[in-house]
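Biologist: Could you take a close look at one part of this model for me? I'd like the charged pairs, walked through slowly.

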Amino acid sequence: MYLTRIEEKMFSGEYGEVVEKAIRVIVKVGEALGAERLVKISHAHISGVSYFNIGDEGLELLEGFSNRGAMVSIYTTANPYSFAGLGLYKDDELIRKQAKIIESLIRIGVDPNSFTCTPYKLRKPFVEEHLAWAESSAVIYANTIFGARTNREGGLIALMAALIGRTYYAGMHKLENRRASEIIVTLFDVDSILVASLLGLYIGRIVHDIPYIRARYRAENETMHDIMIRNTLASIATTSDLPMAVLEGVTPQSTYVMEKDETISVDMKELENIDIKCGSDVLLLGCPHITLDELEILLKDKQLNLLKKYGISKIIVTVPKYNEKSSEIFKLVQKVRERYSIEIQILPGACAVVSNLKALGFTAIATPHGKALHYLQNLAGAKPCAIHV
Amino acid sequence: MRNSCIKLVNVVTLKEGDAVGQILKVPTLSFLGDVDKYSGRIVSQDVNNYNKSIKDVILIVRKFRGSTVGTYVLYSMCRRGLAPKAILMCKPDPVIIGGIVLCNILGVSNVPEKFYEEIPDGVKALLRIRKNAMELCFSV
């Protein structure tokens with residue numbers, strides 16, 4: 001692989017042991033993926049923040065980096081932490097270890113206000129900007145919606161890229177690899193988060209390469225439209241390895257190459273789980289994260305009446321860390337409690353899917369989010385059920 | 001019983017070396033969610049070889065999926081002695097390649113799908129990985 005003079009110095013250890021290790025890993029991964037050089041990046045996003053997922057080995061690795069003075073060289077954000085980061089468990093050791101992960105990341109230079117799976121809400125990428133993002137739902141959103149360029153990086157690889165400010169120039173960084181071939185046409189209106197999610201889960205299972213999606217999204221407003229698209233993309237990224245899709249009329253045209261191939265029509269009846277009866281009185285919203293502004297738009301009286309009818313008595317909402325200081329939301333929480341007897345619990349900077357929900361007494365969770373429907377059982381120990389919101 | 005070997009050239013070698021182990025074929029896999037990192041067993045029912053352990057096997061995956069935390073999970077499993085001896089993949093996946101590099105285990109990517117279909121699942125095999133080439137020998 002061709003390295004610039006500065007990169008050569010990094011490689012030979014002139015910038016220290018941590019930088020040397022990081023660039024050696026990036027070069028090795030890049031060589032395996034056919035890269036002939038590195039590319040400078042302007043934003044890295046790290047996944048693997050929950051202690052439940054990365055365990056003692058992950059914690060030791062992060063502490064090792066931070067103790068040796070590792071420091072990111074570009075703007076860097078991180079994924080949400082588990083509910084242990086908010087002290088919701090009785091196990092002090094667990095809470096302490098989750099806190100150590102968060103502290104290590106902040107010491108390395110991660111934006112302390114990030115801790116969200118929607119880093120594009122914090123800093124919007126621009127067309128053709130090179131990024132090194134982990135978090136599959138954010139990667140597919142960045143490439144598809146903004147026309148930015150990022151591979152679906154492993155959590156640790158994104159951290160290494162942050163340390164050297166570069167990643168390997170291969171995959172989604174090159175226009176020639178952003179080829180949409182299979183055309184997906186929906187034969188129904190995508191009119192809810194659940195339908196948007198189930199469509200995404202289905203597309204992820206059937207396609208082999210970047211799909212070109214022609215779908216009619218029918219939303220009451222722009223916010224709902226964006227949430228639906230976010231959920232389709234996050235769901236595709238859950239059941240596939242795809243870092244990108246092309247959404248007709250949405251994806252910037254100069255950021256992909258169209259290759260004519262077969263057209264696949266998708267009927268509503270092909271989507272799974274659409275009629276699941278929900279056996280939970282707890283609703284999860286925010287996978288991927290929704291902001292508090294979005295929550296206010298989502299929980300109008302019409303929706304709340306429907307949730308009441310479904311027997312929902314509690315709503316868990318996971319939101320970005322930077323949302324924790326919002327005061328407006330308390331009015332909404334109070335209104336929902338008084339008028340509908342539904343308790344809302346807002347959890348900033350946290351993620352339900354990467355938390356042990358079983359240990360918190362949750363056996364089943366209702367959610368309209370495809371990513372949560374896929375992961376809740378195996379990761380969080382709670383049975384998921386699909387619900388319209 | 002007869003011995004059979006499949007030789008492949010023009011694959012991408014992630015780490016050279018030899019290994020002996022049982023072949024475990026999985027069409028689609030995510031290390032986060034589909035594998036229990038404490039037992040090393042496959043825990044997703046929609047994945048082939050449900051409840052089988054990936055410890056010390058020659059893992060052959062057509063396509064990985066989902067979470068980018070897979071790199072960490074694979075790294076943690078390596079540290080605790082639960083990792084496969086080698087990972088062979090048809091479609092190259094940055095998340096898993098990153099894990100293989102950090103674990104320093106044997107690996108090959110760009111394995112042709114035809115090869116994936118041909119090799120038998122569950123048999124003991126000898127794997128030899130060299131620069132841009134590999135050989136897999138087993139008894140059938």
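How many salt bridges does the structure hold over all chains?

Modeller: Before the count, some housekeeping. This is a predicted model, so local features need pLDDT of at least 70 and side-chain atom pairs count only at pLDDT 80 or more, while totals for chains, interfaces and linings use all residues. Residues are numbered from 1 along each chain as its sequence is written, chains are lettered from A and ligands numbered from 1 in the order in which they are written, and side-chain values use heavy atoms, with hydrogens and water left out.

Over all chains there are 34 salt bridges, each one a side-chain nitrogen of Lys or Arg within 4 Å of a carboxyl oxygen of Asp or Glu.

Start with Asp189(A) and Arg218(A), whose closest N and O atoms are 2.9 Å apart. Asp189(A) sits in strand S7 (residues 182-190) of chain A and Arg218(A) in the loop between strand S8 (211-217) and helix H8 (222-239), so this pair ties together parts 29 residues apart in sequence. Helices (H or I, at least four residues) and strands (E, at least two) are DSSP runs, numbered from the N terminus. Asp189(A) is partly exposed at 24% relative accessible area, and Arg218(A) is partly exposed at 48%. For those labels, buried means under 20% relative accessible area, exposed over 50%, and partly exposed in between (1.4 Å probe, protein chains only).

Next, Lys91(B) meets Asp241(A) at 3.3 Å, N to O. Lys91(B) lies in the loop between strand S5 (86-89) and helix H2 (94-103) of chain B, and Asp241(A) in the loop between H8 and strand S9 (246-247) of chain A, so the pair joins two chains. Lys91(B) is partly exposed at 25%, whereas Asp241(A) counts as buried at 8%.

Within chain B, Lys114(B) bridges to Glu118(B), with 3.1 Å between the closest N and O atoms. Both lie in helix H3 (residues 113-118), four residues apart, about one turn of the helix. Here Lys114(B) is exposed at 59% and Glu118(B) partly exposed at 45%.

Bridges can also link up: Asp56(A), Glu93(A), Arg96(A) and Lys97(A) form a network of them.

Finally, a charge without a partner. Glu153(A), in the loop between helix H5 (136-146) and helix H6 (155-164) of chain A, is buried yet has no salt bridge, and the nearest side chain of opposite charge, Arg152(A), is 8.9 Å away. For charge, Lys and Arg count as positive and Asp and Glu as negative; His and the chain ends are not counted.
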